[in-house]
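Work through the exercises below with the structure open. Each task is followed by its solution.

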Amino acid sequence: MRMTTDALTLGMKHQLKIYFAGTQNIKPGFPVSYEALEEKARQTMKPEAFDYIAGSAGSEITCSNNIQAFNKWQIVPRMMGDVSNRSMETKLFGTAFSSPVLLGPVGVLSIAHPEAELAVARAAKALQVAQVVSTVSSRSLETIGQENGDNIHWFQLYWGRDNDFTQSLLHRAELAGYSAIVVTLDTRIFAWRERDIQHAYLPFLFGEGLANYFSDPVFLKAVGNPAEDKTKTMMHFANCFSNPSSTWRDLKLIRNATRLPVIVKGILHPDDAKKAMDNGADGIIVSNHGGRQIDGGIGALDTLDNIATEVGNKTTILFDSGIRRGADVFKAMALGAKAVLVARPYAYALALGGEEGVKAFMSNLLADVDLTLGLAGCNSWADVSKDNLVKA
């Protein structure tokens, strides 16, 4: 029987497109491996901008632990099942997603590319991949939401001391069509990041990543014209950005301020997962912020299994910190995640090629995920569990 291209799944179609282009001596325009992508971005970007995105806290051992955590689990492929009709679809909070891979929140993307989050939004829309937009985005959440249109987009909240500003952001996100709120819990204090300290570089002090602040009526009422008193503006920004005195009970302020699902990001312990649920969270993201917030921390994947065992049947678990390839996605899903977020890799791709760079990276990643799913002997995420893995 002759196989037509209609019978091929996403991974094979994408792969063959590249190989057929190779017969015309056309090679991929962007690096395919994560390592080559990162190195090319390092060569291309301003040193302080690259290090801001690439860097982690202190000795950066937490970032290394994230990567090593994946090597502790190995996939056990199963043979001779019919895997010709695969689907990567997943469902989160009642909404169907074409794949479990989301573009995670990365702030100040204007330091990577002038089109910043707008280029990411266009790539996300073209591939039907959800975009999670950072509070410290380089374009306003309304402008990014408009670029996404009907494509799924979530808003990530940095939760500070000014509750009026927080409520204003949440209201704006609802009006702009965002369908979930991701509350980052692990950035209540700025981490000690040696690369940034060495460059004496904090992008916010250069006006980067402040579009949502400078377009917010509550923020502007407090500071007036941001350009007139930069010290006052930045001190109030810090007040709105973080709050080290907040407790679990304060989460009700966000829960009561929005009708959208509330997902808390930064969970690394089963007890914190339970407390998040007890205080109104609809879902959790197992994450250590890619190693950016504490040095010497546990790899995020090392905690996923325990957390999923404790609360996996009671809440929706997502995962980030260290997703680089299809095998990483598969392992996280097998250990209990319902979706994953990818961050640094697409920021590097953005730096190298704007919208086209992000599309190239995400197309490669999605193809890799699809092929990994099939090669493991699975047709859908319903077939994937911890039984597909062994501990190394």
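**Exercise 1: α5 against α16**

In this predicted model, which residues of α5 and α16 meet? Classify the contact, then describe the packing geometry.

Solution. 
- Step 1. From α5 come A116, A119, V120, R122, A123, A126 and L127. They meet Y346, L350, G354, E355, V358, K359, M362 and S363 of α16.
- Step 2. Sort this contact of α5 with α16 by class: 10 nonpolar, two polar and three charged residues.
- Step 3. Take the axes. Those of α5 and α16 come within 8 Å and cross at roughly 5 degrees.
- Step 4. Angles under 35 degrees count as roughly parallel, so α5 is roughly parallel to α16.

**Exercise 2: α5 against α6**

At what angle do α5 and α6 pack, and how far apart are their axes?

Solution. 
- Step 1. Helix α5 spans residues 116-127, and helix α6 spans residues 141-148. They pack at about 25 degrees, with axes 8 Å apart.
- Step 2. The orientation follows from that angle: α5 is therefore roughly parallel to α6.
- Step 3. α5 and α6 cross in a right-handed sense.
- Step 4. On the α5 side, the contact uses E117, L118, A121, R122, A124 and K125. On the α6 side, it uses T143, I144, E147 and N148.
- Step 5. The classes in the contact of α5 with α6 are four nonpolar, two polar and four charged.

**Exercise 3: α15 against α16**

How are α15 and α16 oriented to each other, and which residues meet?

Solution. 
- Step 1. Helix α15, residues 326-334, packs on α16 at about 55 degrees, and the axes are 7 Å apart.
- Step 2. The two helices, α15 and α16, are therefore oblique to each other.
- Step 3. The crossing of α15 with α16 is right-handed.
- Step 4. G326, A327, V329 and F330 of α15 touch L365, D368, V369, T372 and L373 of α16.
- Step 5. This contact of α15 with α16 holds six nonpolar residues, two polar and one charged.

**Exercise 4: The cavity**

How many cavities of 30 Å³ or more does a search of the whole structure find? Describe the lining.

Solution. 
- Step 1. The search finds one.
- Step 2. The largest cavity holds about 480 Å³ of space.
- Step 3. It is lined by 31 residues, and P105, V106, H289, R292 and A343 are the closest to its centre.
- Step 4. Elements giving two or more residues to this lining are α3 (47-54), β6 (153-158), β11 (339-342) and α16 (344-375).
- Step 5. By class, the lining of the largest cavity has 15 nonpolar, 10 polar and six charged residues.

Conventions:
Residues are numbered from 1 along each chain as its sequence is written. This is a predicted model: local features need pLDDT of at least 70, side-chain atom pairs count only at pLDDT 80 or more; totals for chains, interfaces and linings use all residues. Side-chain values use heavy atoms; hydrogens and water are left out. Axes are lines fitted to C-alpha atoms, for helices over the stretch in contact, and angles run from 0 to 180 degrees between N-to-C directions. Helices (H or I, at least four residues) and strands (E, at least two) are DSSP runs, numbered from the N terminus. Angles under 35 degrees count as roughly parallel, over 145 as roughly antiparallel, 65 to 115 as roughly perpendicular and the rest as oblique. A crossing is left-handed if the near helix is turned anticlockwise from the far one by less than a right angle, and right-handed if clockwise. Contact means heavy atoms within 4.5 Å. Ala, Val, Leu, Ile, Met, Phe, Trp, Tyr, Cys and Pro count as nonpolar, Asp, Glu, Lys and Arg as charged, and the others, Gly among them, as polar. On a 1 Å grid over the protein atoms alone, a cavity is a set of points where a 1.4 Å probe fits but cannot get out, and a pocket is an open set with protein on both sides within 12 Å along at least five of seven lines; lining residues have an atom within 4 Å of a point. Grid points are joined across faces, edges and corners, and a volume is the space filled by probe spheres set on the points.
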